[in-house]
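These are my notebook entries on one structure. I went through it piece by piece and wrote down what I looked up.

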Amino acid sequence: MSAILFFFMLQSDLGATTYDKYCAQCHGEQGDGQGIATEFVMPRPRNFTTGVFKFRSTQSGQLPLESDLEKVVREGIRGTSMPSFAQLGESEIKAVVAHIQGYYQAVIDRDKEEGFYPPKVAEMGNPPKVTDALITHGREVYLQSGCGDCHGYEGRADGPSSLTLKDDYDESILPANLNRGWEFRAGHELTDIFRAFTTGLSGTPMASFADAIPADDRWALASYVQSLSVGEEPTASAQVSASIVDQLPESMDDPLWDSAPEAYFPLTGQMMWAPVNHQPGVRSVTVKALHDQSSVALLVSWDDPSFSVAGAEAPGGADEEDDWGFETEEEDDFGDFFDEEPAAQVDADQFAIQFPSGFPAPNERPYIVMGDGSNPVNLWRWVQDGSLASQQAPAEAQSGHANLWTEYKGNVSLSSELAKGRNQISALSDGTPLKGSVHYLNGRYHLMVTRTLLTDSEDEVQLEVGKFLPILFWAWDGHRNEKEAMGNLSAWFFLRLEQPVDRSVYVKTAGAAFLTAILLLWAIRAARDSSRQEPSEVVESAT
Amino acid sequence: MKLTAFLLVFLSITSLAGEITGVVKWDGNAPKMKPLKMDADPVCSAAYSGGEMARAETLVLGEGNTMAHIFVRISKGLPDKKWPTPSEPAEMDQKGCMYSPHVVGVMVDQDFKFVNSDDTLHNVNVKATVNRGFNLGMPTSMRESMQKFSREELMIEVKCNVHPWMKSYIGVSSHPFFAVTGEDGKYTISGLDAGTYEVEVWHEKLGTQTQSVTIGQDESKSLDFSFSMPSK
């Protein structure tokens, strides 16, 4: 029996069995992208039958090479649900790609007939040596070619068209945040970046610029884009340490901040309680801290492509497909047909810093999702209320790019809240005022907040110098309707307020050094004395 | 002499073949489209400074509720033959951050010219399914792009992702017997031999309608259509 089965296995197509085993769950048994897991996967799995592929080395409108597909199977696509299948042997990878090609055989036949198969590889040439001048030129190309319309003035995916983008499946899709190179789907090497805007990413709004921008300029553009970030995500810091200053900075522009070390903390969507957040809108924060022994100042920064005030109409949020866009509606005639959904509304952007209540012990960290009844947390929460003042674009952006510039500034107050779990949050009436300021600049928020180390409320965190104080960060992207527990949070990390250096340490150190020197000298002398005596001892014993 | 030759050719075209003409009308109240918001790109809104903003072209009605942007073509009854491809390209301009015209017909293998007259980036996302789809970035450094469609496809949606209100349609026909109505709702399909034809009209939201008509040699017949808001 098993011999027959083995024989059958050998006969059956290696590609098909591999596909059924590893691919069909998402990409569907018919290759149409309708697998059992499809509805949980975003971006959606590729529908192979259309022959539309994002990551190709071939010209716009053409099919990928076998090697392009093999690369995707082997390496996966970072930032998506497509994992690496490097554990498969090369023969299996080749076989499964051949099998996948069968799903779009009709498209291959069409292109063969029209002379476009085998597909033509997009011309790449040789990457140039990256210089500062090339990067500067690349930035000019970036702004002049309209890249900022979607990717934003500084590349943080905050361009004026960014939030309206839809892919071929009519799902919302954000442009790449060019300051997060480790999230680039197609890779962060110079050639990867060059290839992405040369071939275009089919099925997405990312067009091919092969005919529009000369190759030299495209290399400059690639250099600029690459220069904005690194290819690997920074390692999470263990703590943010606050050095001591004589006086805390008044504002976030104070040069005192320049010397403060920056900590990097990754964030993830809250997944413990429904509604869970599968698509985290904020994926990391950077934090700096300073203290003057009576108060602490924290400076937190995070990327958010949308500046969202509660109740605003979401750009691109309305379902345009079903909306005729009539100005005058004759209810009797058209009301039923419209089925018009009200335009989606956004929620407020928010940020919160979470501490254990009271005097925290480093090894006692409350439940991460806003504590619980026995271990409550203190939240310092800022809610975007629309009070920040819009800033005018500076002269450098005025010439033709003012619409790409989004800047808001202002002083804000944060509420001090006691949370005993995600549904039991109360603002503390006896809470200490939390003074802060916010600066939103081209897709990035900066929030500075100061508070006295100790307060009168036992529900609030008491910050002791020299201790490891558990700290956790929450961020909500209002445009994605993130709110309440459906936000993004970090793990527990530590805030450490550095201790003042004890002046007696200098005296003690000097004294110890002096003593050591004396001892050393004595030891050397003793050693010398004994070595001088040695020969006579030897002679004595010999006689 | 030349004039005679011209007249002969002219007459041969106009009189030696049949013709179908007609008007497409909207039956019901005439709603007006909302003005488009183009603030996101100042180049777009500047194109309308001082005047009225452009409106979506989903429903464009003329005097007497005549319908523009209706793609009309012979869908049945033509002999099975290959028709010559016009040497002049069909054209679609991007002007004032609108496609002009909103609906264009082109023959298989005829040149198709995309033009960008705006001083801003457009991308021409041609969502073909029968033909090879493509997505062409057209920054200001690229004013024109010549393309071709090698298969019949009715209709291809064209979108600009940078300016999400921009949408248009291309009808790729295997024969030259098609037309797109203007604001007067009128269409003319000429050069037809005697026979029975099915005429199909297409609207982007209301779908297609067909009617049959029989014309004699050199006969001209009129065939009107009307669309209305379907009851749900």
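**Entry 1: the end of a helix**

I began where helix 9 of chain A stops: the residue that follows is A:G200, and its phi is positive, near 75°. My helices (H or I, at least four residues) and strands (E, at least two) are DSSP runs, numbered from the N terminus. The model is a predicted one, so I used local features only at pLDDT of at least 70 and side-chain atom pairs only at pLDDT 80 or more, while totals for chains, interfaces and linings use all residues. Residues are numbered from 1 along each chain as its sequence is written, and chains are lettered from A and ligands numbered from 1 in the order in which they are written.

I then looked at helix 9 of chain A itself, residues 190-199. How many of its ten residues are buried? The count is seven, and the helix is mostly covered. I call a residue buried if 20 or more other C-beta atoms lie within 10 Å of its own, exposed if 12 or fewer, and partly exposed in between, with C-beta atoms placed from the backbone. The buried ones include A:I193, A:F194 and A:R195. I found that the buried residues of helix 9 pack against helix 10 (215-227) of chain A.

A:A157 has a phi of about 65°, and A:D170 has one near 65°. I placed A:A157 in the loop between helix 8 (148-151) and helix 9 of chain A, and A:D170 is also in the loop between helix 8 and helix 9. Which of these is buried or exposed? A:A157 is buried, with 23 other C-beta atoms within 10 Å, whereas A:D170 is exposed, with 10.

Next I noted cis peptide bonds. One joins A:Y117 and A:P118, with omega about 0°; A:P118 is in the loop between helix 6 (105-113) and helix 7 (132-144) of chain A. Another runs from A:A274 to A:P275, with omega near -5°. A:P275 is in the loop between strand 3 (268-269) and strand 4 (284-291) of chain A.

**Entry 2: two helices that pack**

Two packed helices are described by the angle between their axes and the distance between the axes. For helix 2 (residues 14-22) and helix 5 (residues 90-103) of chain A I noted an angle of about 90° and axes 7 Å apart. Axes are lines fitted to C-alpha atoms, for helices over the stretch in contact, and angles run from 0 to 180 degrees between N-to-C directions. The two helices are therefore roughly perpendicular to each other. (Under 35 degrees counts as roughly parallel, over 145 as roughly antiparallel, 65 to 115 as roughly perpendicular and the rest as oblique.)

Helix 2 of chain A brings A:L14, A:G15, A:A16, A:T18 and A:Y19 to this meeting, and among the residues of helix 5 there are A:E92 and A:H99. Two residues are in contact if their C-beta atoms, placed from the backbone, lie within 7 Å.

**Entry 3: a sheet in chain B**

I moved to chain B and traced an open sheet of four strands in the order 12-2-14-15, with antiparallel pairing. Strands pair if DSSP finds at least two bridges between them. Strand 12 and strand 15 (207-215) of chain B stand at the edges with a single partner strand each, so one side of each is left without a neighbour in the sheet. The twist averages 25° from one strand to the next.

Three bridges join strand 2 (residues 71-76) of chain B to strand 12 of chain B. B:F178 lies in strand 12 (residues 178-180) and is the bridge partner of B:R73. I found B:F178 buried, with 22 other C-beta atoms within 10 Å. Its contacts beyond four places in sequence include B:F71, B:G105 and B:I189.

**Entry 4: where the chains meet**

I noted 37 residues of chain B in contact with 37 residues of chain A. On the chain B side, the largest share, five residues, comes from strand 8 of chain B.

**Entry 5: confidence**

pLDDT is the predictor's confidence in each residue, from 0 to 100. Chain A has a mean of 90, and 90% of its residues reach 70 or more. Over residues 317-321 of chain A the pLDDT is below 50, and over residues 330-341 it stays under 50. Where pLDDT is low, the predicted coordinates should not be read in detail.
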